[in-house]
Amino acid sequence: METRLLDPLFEPSSLAIVGASPDSWYSSRITDNLTSYGYDGDLYLVNPNRETAWDRDCYDALSDLPEVVDLAVVVVPREHVVDVVREAGEIGIPAALVITTGFGEADERGAELETELEATAEEYAISVAGPNCIGLANAREGVVLTGLCSRQPEPGHIGLASQSGALSFATFFENAADEDTHFSHVVSTGNEVDQSLADYVEYMAADPDVEVICTYIEGVTEPRRFIEVARETVATGTPVLAVKVGSSDVAREAAESHTGSLTGNDAVWDAAFGQAGIERVPDVPDLTSRASAHAAFDPPDSSRVCVASTSGGLATLLADLAEDRGLDLPQLTDETERALLEMDDLLTFGELRNPVDIRAAGAEVLTDVAAELFDDDSFDAYVFGIGLSAVDAEADAIADRLLTVAEMTDAPVIFLWTGRREPADLDDPQPYERVRAEYPLFYEPSKAMDALASLVRFDEARDRLVGRPPFELDERPATSTLPTESTITWAPATDLLDSYGIDLPATRSASSSEEAARYASRIGTPVVMKVDSPDVAHRNQIGAVRVGVDSPTEAQRAYEEIVAAVFDHDDEATIEGVLVQEMVDSGVEALVGASQDPNLGPVVTVGSGGTQVEALQDTTHLIAPFGKGDAYGALKRTDLPARFEHEFGPDASLASLANLVTKVGNLVAKRRDVAELDLNPVMVRPDRSVCVDAFVRTD
């Protein structure tokens, strides 16, 4: 679907509320919010059943307005929505925000109306947000088009696109505002009949004032486009964070009944997010807390972190959390350690290391401690943990020092304040509230370290993605055809694999025991023998494989035994032949497979292979096509590098397997008729990765 401009949705210079009435809970709240929260454009009310409302004239229709507005906000019964949007399109209104519910998420009639609405949007090239959405807000422009917003949004640098309406404002916005975290844009995407999650991310990524984009995802209508938009967003310097629901069966059912969309295989979504540089976070508080760090700081130049705390126990906990997240804690230089030990007001004894235990007295000289740490070139990011009350009289002075510390460096500085936050007698604002009004402030050690790790991971993802090719599929038809809806036997399968440069062992197909003996002699024993049949998917399970056949005579006997085993399993099975194959008996066994995901398209799976593949459960995924860098990244997420090093030593290269994985990705990205591909085992050696067995099924 063609993406249309979203400025009229987020920055309308004029708008009309169709269905505006003080008697309507939702339209009345939208109107109240617009007039109360600073919208300074032209506002019109459309309601043929009223003459006035809010001391304004009401118009019978959009066509009666004195001007063509930028935006029509539609809050009418569902039976009238398509007519309103059609009228808007006919008179040249560029955008419509459809709040009305009862469409595809509701019933069969709603689904029919949604289809009509989609066709109308396309016919008139009008950008439609919704239907079934809570609304949107642009804090910079005072555009608050929602009824679920209990306070005026303050402009920030975080964009939010949520597929849950109530969560977008009643949870994300309200909880963030409680912590002085503010959004630039908030949009509830609704049923995405026209403008989709990908469109909103793309729009916000183009805004230089948006430092980070948050998403709440139930199901994606344009999965590959969304992944590509997010990849480009990250590669050009804007982090994308996501809460993606649907990892459990119960959650998937709830999402489908709520939005009418599919959530897809969760492991495949994880793979897609990883390739695109999207950071998946577990919950709403994690999303906003990490986003606050991205909005405040540029990523550090490295993962080298200094931790300083008024509590030795808290310092140790933070060190453990840092290590769990892949952050480095290099030691202080001798010069820094001496300077800290010589401070008269710092209660230190013997030695100081990183994490730095400055004890409670360190809060009194926090700026002096910070100055020494900032002068140490060993670090590119800092965490200061304050294990003292955040609200008493002494906390006022600590707050002043923290604010000063933040101004002393351009590096990311994470503040963790774990003490009391319920005041006794101090007036508002509380000391800790003064800090969080200016800089991100964390109360839980894990949340603090998650935020810092998020900054580091984004920098790594951005560097990795720069220059990477897009997730584009080659839609040109293949030059050769395969049988449809069938399991492919060895001859056409090898032709297919050969055409993509996939390494296979020397193989001949025998149609008699005498041929089997002759081929075994030509190839050179020992050989492997196995049936080639479209009716046998798992040869080992029925005894249709022989390994280590070491003479022509044994090959004759193996042929007869294999054929007998197949007919014993299925007396009507078709046997194309018995394969006599070069025996590749050294290397690490791997699995390389592929399938077509209903949402994300071609997906490659890689992991440990052989007969133990199901027991090991050591697999990861890649969305095809991809480059060798992504292939290496996938291999590192499995046990294969450790097994390979154990077999061949630390200097042995996995390049041959990375090349094979990349070729399989190219194959399934090009050959969409390949529904399933299973290369197992692949015998991996430093010089060669050989696919000794192949299963191919077509649609």
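**Close-up 1. Helix α10 in the predicted model.** Val284 is buried, and so is the run Asp286, Leu287, Thr288, Ser289, Arg290, Ala291, Ser292, Ala293 and His294.

**Close-up 2. An open sheet of 5 strands.** The strand order is β16-β15-β17-β18-β19, and the pairing is parallel. β16 (356-357) and β19 (441-442) are the edge strands, each pairing on one side only. Inside the sheet order, β17 (residues 381-386) and β18 (residues 413-417) run parallel and are joined by 5 bridges. Tyr382 has Val413 of β18 as its bridge partner.

**Close-up 3. Helices α11 and α13 against the sheet strands.** Helix α11 (residues 312-324) packs on the sheet. α11 touches β15 (305-309), β16, β17 and β18. The direction of α11 makes about 155° with that of β15. Helix α13 (residues 366-375) lies across β15, β16, β17 and β18. α13 runs at about 155° to β17.

**Close-up 4. Helix α6 and its packing partners.** Helix α6 spans residues 197-205 and is mostly covered: 7 of its 9 residues are buried. These buried residues are Leu197, Ala198, Asp199, Tyr200, Val201, Tyr203 and Met204. They pack against two helices, α1 (7-10) and α7 (223-235). They also pack against the strands β7 (127-129), β10 (158-162), β11 (183-188) and β12 (212-217).

Key:
Residues are numbered from 1 along each chain as its sequence is written. This is a predicted model: local features need pLDDT of at least 70, side-chain atom pairs count only at pLDDT 80 or more; totals for chains, interfaces and linings use all residues. Side-chain values use heavy atoms; hydrogens and water are left out. Helices (H or I, at least four residues) and strands (E, at least two) are DSSP runs, numbered from the N terminus. The expected span of a helix is 1.5 Å times one less than its number of residues. Buried means under 20% relative accessible area, exposed over 50%, partly exposed in between (1.4 Å probe, protein chains only). Two strands pair if DSSP finds at least two bridges between them. Contact means heavy atoms within 4.5 Å. Axes are lines fitted to C-alpha atoms, for helices over the stretch in contact, and angles run from 0 to 180 degrees between N-to-C directions.
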